[in-house]
Amino acid sequence: MAVPYHQQAEIEALIAGDKKRAKEFADQDPDQVAGETRNILRKVKGYDESKGKVIKKILKDGEGYRTPLKNADVEIHYKLGFVSDITTDGGTECANPDEESELESEYIFSSKDTGKSFRFELMNNQVNEGLDICVKSMKKGEICEVACTGIYGLESGINSLLPGDLIKSENVSRYIEKGATLKFEIELLSFIPQLDIHK
């Protein structure tokens, strides 16, 4: 029987004598498979569901078992949009059924449309917290869809993720005023561990 990727990584870190890195892997969820919807915060110490959720669905599996750790330099493509609400089982639903098509299928921004990927330092307050948490759970090449609510969604900001003129637009303002759920489609292109960045 194959050892789940996070357990294998934990074992490798312990063998290398890196207890801090091993603990990070030990705290990760078991493998999530393509098509499965999961609240990826459920194993975070002190997690309070009333403060928000990060609901992830893998659209395409990534390579191997490694995922980026804190301070890694990560490169992604992403789409950003909004939905009105999120159900307790992780599915999305709209407060107004007449808005279902617009809210569930439309993304208002795509990094691919700019012709550039997006890079940032993981878990270092450079992007929205829900995006940080999701990317930390991804493997290279993985594509996923994620919905972020509460302190992991709009409450942690989107200024670094959208052009200024788009943030101020009437369309985006309407969603922010409603406290809409953030929705991303993310592709993890690459990541470089912190130790490799500063060589």
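Biologist: How many aromatic pairs does a search of the whole structure find?

Modeller: This is a predicted model, and the search of the whole structure finds four aromatic pairs. One of them joins Y78 and F109, with 5.7 Å from centre to centre and 45° between the planes, and counts as tilted.

Biologist: Are Y78 and F109 buried or exposed?

Modeller: Compare each relative accessibility with the cut-off: buried means under 20%. Y78 counts as buried because its relative accessibility is 3%. F109 has 15%, so F109 also counts as buried.

Biologist: How is the aromatic pair of F82 and Y175 arranged, stacked or tilted?

Modeller: The angle between the planes decides this; under 30 degrees counts as stacked. F82 and Y175 have 15° between the planes and 4.8 Å centre to centre, a stacked pair. The pair links distant parts of the chain, with F82 in strand β3 and Y175 in helix α7 (residues 170-177), 93 residues apart. F82 and Y175 are both buried.

Biologist: What lies over the face of Y175?

Modeller: R174 does, at 4.6 Å from the ring centre.

Biologist: Which residues form one aromatic cluster?

Modeller: The cluster consists of Y78, F109, F118 and F120.

Biologist: Let us turn to the strands. How many bridges join strand β1 to β2?

Modeller: For a strand pair, read the direction and the bridge count, then pick a facing pair of residues. Strand β1 (residues 37-39) runs antiparallel to β2, and three bridges join them. T37 stands opposite K57 in β2.

Biologist: In which sense do β2 and strand β8 pair, parallel or antiparallel?

Modeller: β2 pairs with strand β8 (residues 143-148) in the antiparallel sense, over six bridges. Here I58 faces C144 in β8.

Biologist: Where is Y65 found?

Modeller: Y65 sits in the loop between β2 (54-60) and β3 (73-83). Its relative accessibility is 21%, so Y65 counts as partly exposed. Y65 and K140 are 75 residues apart along the chain, while their C-alpha atoms are separated by 8.8 Å.

Biologist: How many of the residues of helix α5 are buried?

Modeller: Seven of the eight residues of α5 (residues 129-136) are buried, and the helix is mostly covered. The buried residues are G130, L131, D132, I133, C134, V135 and K136. At the start of α5, a side-chain oxygen of N128 comes to within 2.9 Å of the backbone nitrogen of G130.

Biologist: Where is confidence lowest, and where highest?

Modeller: Start from the average, then go to the elements. The protein averages a pLDDT of 75, and 65% of the residues score at least 70. Confidence is lowest in strand β5 (residues 92-93), with a mean of 38, and highest in strand β7 (residues 118-121), at 95.

Biologist: Over which residues does the pLDDT stay under 50?

Modeller: Residues 1-7 stay under 50, and the model has 14 contacts for them beyond four places in sequence. The pLDDT is also below 50 over residues 86-105, a stretch with 37 contacts in the model beyond near neighbours in sequence.

Conventions. Residues are numbered from 1 along each chain as its sequence is written. This is a predicted model: local features need pLDDT of at least 70, side-chain atom pairs count only at pLDDT 80 or more; totals for chains, interfaces and linings use all residues. Side-chain values use heavy atoms; hydrogens and water are left out. Helices (H or I, at least four residues) and strands (E, at least two) are DSSP runs, numbered from the N terminus. Buried means under 20% relative accessible area, exposed over 50%, partly exposed in between (1.4 Å probe, protein chains only). A polar contact is a pair of N or O atoms within 3.5 Å; within protein, one must be able to donate a hydrogen and the other to accept it, and residues adjacent in sequence count only if both atoms are side-chain atoms. Two strands pair if DSSP finds at least two bridges between them. Rings of Phe, Tyr and Trp (its six-membered ring) pair if their centres lie within 6.5 Å; planes under 30 degrees apart count as stacked, over 60 as edge-to-face and the rest as tilted. A charge sits over a ring if NZ of Lys or CZ of Arg is within 6 Å of the ring centre and within 35 degrees of the ring normal. pLDDT is the predictor's confidence in each residue, from 0 to 100. Contact means heavy atoms within 4.5 Å.
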